[in-house]
Amino acid sequence: MPSPRVTRAANTGSANPNTKFEFMTLLTNRINASEPNSPRHRASDSPVHRKDSFSSGATSSQQQPLPEEDCMKLNPSFLGIAMSSLLAVDLWLTKKMGVCAKDGSSWGTARPMMKLIEISGHGIPWIAGTLYCLYKSDSSAGREVNLNLLFALLLDLILVGIVKGIVKRRRPTHNRMDMFATFSVDKYSFPSGHATRAAMVSRFMLKHLVLAVPVRILVMLWAILVCMSRVMLGRHNVSDVAFGFFMGHMQYSLIEYLWLSPYTLPLLFRM
Ligand SMILES: CC(C)=CCC/C(C)=C/COP(=O)(O)O
């Protein structure tokens, strides 16, 4: 849209050479759009020349400041540029790392193993396993830990569902939607529910289960593998997984804060 200053110049036919030059550029663009073969469609309209007209505009803008909306268009904010660059890196890395996205991909033969890792971080085995342990636990400490783990898993499903529903980011184009047992919001990819669960559950286990050091290392490796498999299978962008991992840690802190203690449990069951 021409700036009010230029439009005014166009209407009055101002003699200022700078103003006239800008007006000519806009007019030429309009004429060229309607008559592409017009003699006015010449080398002076090349991008290089247009750059000149831009700098000529800059000189005149020193005399008279441009309207604010024009400045916004010409100078995208630093944050905007940083975000677009990050997004570009994210998409590039996602594409590069999606090596098991299809059977014919470069690591396509590893796809079945990646899908096993995917199931190991799925909500159904975790909820079913926790319910079973809760049913089998014969100590109050065991019941307390299992009940809180169940609470954490359900809260995770709800929070991830809410964020996915708000952000509505599509999964990467190279993803094949052949995932086992999903909710409708799982067509969206931000954040990765597997990453939130892996981060939250691994922190939970490291804190509340008495485990030997090699098992603790295995738990950490499992969480990292689940996160990596999301990108390698082409299910998620790198940023979905990174945010999911962070969100899982935050969810664990929330569970610690809301911890259902032996004192609150009887109240809960009486309701
Ligand atoms: C059906 C139940 C109980 C959970 C769904 C678990 C699931 C499929 C989450 C999606 O994970 P990603 O966001 O990592 O793809």
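**Entry 1: the annotated domain**
I looked up residues 145–259 and found their end C-alpha atoms 9 Å apart. The span is 69% helix and 0% strand, where helices (H or I, at least four residues) and strands (E, at least two) are DSSP runs, numbered from the N terminus. An unreviewed UniProt entry lists this stretch as "domain: Phosphatidic acid phosphatase type 2/haloperoxidase". I noted that UniProt positions are given in the numbering used here, that feature names are shortened, and that annotations may be inferred rather than shown by experiment. Residues are numbered from 1 along each chain as its sequence is written. This is a predicted model, in which local features need pLDDT of at least 70 and side-chain atom pairs count only at pLDDT 80 or more, while totals for chains, interfaces and linings use all residues.

**Entry 2: confidence**
I checked pLDDT, the predictor's confidence in each residue, from 0 to 100. The protein chain averages 80, and 70% of the residues score at least 70. Over residues 1–61 the pLDDT is below 50, and this stretch has 38 contacts in the model beyond near neighbours in sequence. Two residues are in contact if their C-beta atoms, placed from the backbone, lie within 7 Å. For the complex, the predictor gives an ipTM of 0.96 and a pTM of 0.72.

I then looked at two of them. Residues 114–135 are 91% helix and 0% strand, with end C-alpha atoms 31 Å apart. Residues 147–167 are 100% helix and 0% strand, and there the ends are 30 Å apart.

**Entry 3: H9 against H10**
H9 and helix H10 (residues 213–232) pack at an angle of about 175 degrees, their axes 9 Å apart. Axes are lines fitted to C-alpha atoms, for helices over the stretch in contact, and angles run from 0 to 180 degrees between N-to-C directions. H9 and H10 are therefore roughly antiparallel, a label for angles over 145 degrees. Among the residues that meet are His-194 and Ala-198 in H9, and Trp-222 and Arg-230 in H10.

**Entry 4: a loop worth a look**
I found a cis peptide bond joining Phe-190 and Pro-191, with omega about 0 degrees. Pro-191 sits in the loop between helix H8 (140–167) and H9. Lys-168 lies in the loop between H8 and H9 too, and its phi is near 55 degrees, a positive value in a residue other than glycine.

Conventions. Angles under 35 degrees count as roughly parallel, over 145 as roughly antiparallel, 65 to 115 as roughly perpendicular and the rest as oblique.
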